[in-house]
Amino acid sequence: MAKIDLSNTIKVFKTGVKKHSPEIMTGIGIAGMVTSTVLAVKSTPKALILIEEEKRRQNYKIINDAKENGY
């Protein structure tokens, strides 16, 4: 069984990372953009529900204030 030269493997890995760093960073950027889009799409329905609930609460408050003041 042959020994694996770990230091040589690390050197080759470092060289590969340095050589392909623009592609790696582009891939990370695209992955972040996709992740942000997915999370925004998942959160939109909940945000819309919360907005509607707040509108109803404000309308209810306005109606009650108007009734109390005789408008």
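This is a predicted model: local features need pLDDT of at least 70, side-chain atom pairs count only at pLDDT 80 or more; totals for chains, interfaces and linings use all residues.
Reader: How many residues does helix H2 have, and what span does it reach?

Author: Helices are DSSP runs of H or I with at least four residues, numbered from the N terminus. The expected span is 1.5 Å times one less than the number of residues. H2 covers residues 21-69, 49 residues in total. Its first and last C-alpha atoms are 68 Å apart, close to the expected 72 Å.

Reader: Where does H2 bend?

Author: A bend at a residue is the angle between axes fitted to the seven residues ending there and the seven starting there. H2 bends by about 35 degrees at Thr44. A proline, Pro45, follows within four residues.

Reader: Which residue follows H2?

Author: Gly70 does, with a positive phi near 80 degrees.

Reader: How many salt bridges are there?

Author: Side chains of opposite charge can pair when their charged atoms come close. The rule here asks for a side-chain nitrogen of Lys or Arg within 4 Å of a carboxyl oxygen of Asp or Glu. It gives two salt bridges. One joins Glu52 and Lys55 at 3.8 Å, N to O. Another joins Arg57 and Glu54 at 2.6 Å, N to O.

Reader: Why can residues three places apart point the same way?

Author: An α-helix has 3.6 residues a turn, so residues three or four places apart point the same way. Glu52 and Lys55 are three residues apart in H2, about one helical turn. Arg57 and Glu54 are also three apart in H2, about one turn.

Reader: Is Lys55 buried, partly exposed or exposed?

Author: Buried means under 20% relative accessible area, exposed over 50%, partly exposed in between (1.4 Å probe, protein chains only). Lys55 is partly exposed at 43%. Glu52 is partly exposed at 35%.

Reader: Which residues form the nonpolar patch?

Author: Patch residues have over 30% relative accessible area and no salt bridge; nonpolar side chains (Val, Leu, Ile, Met, Phe, Trp, Tyr) are joined within 5 Å, like charges within 9 Å. Phe13, Val17, Ile24, Met25 and Ile28 form this one. Together they have about 500 Å² of accessible area, by the Shrake-Rupley method. H1 (6-19) and H2 each supply at least two residues. H2 gives the largest share, three.

Technical notes. Residues are numbered from 1 along each chain as its sequence is written. Side-chain values use heavy atoms; hydrogens and water are left out. Accessible areas come from the Shrake-Rupley method with a 1.4 Å probe; for residues, only the protein chains shown count as cover.
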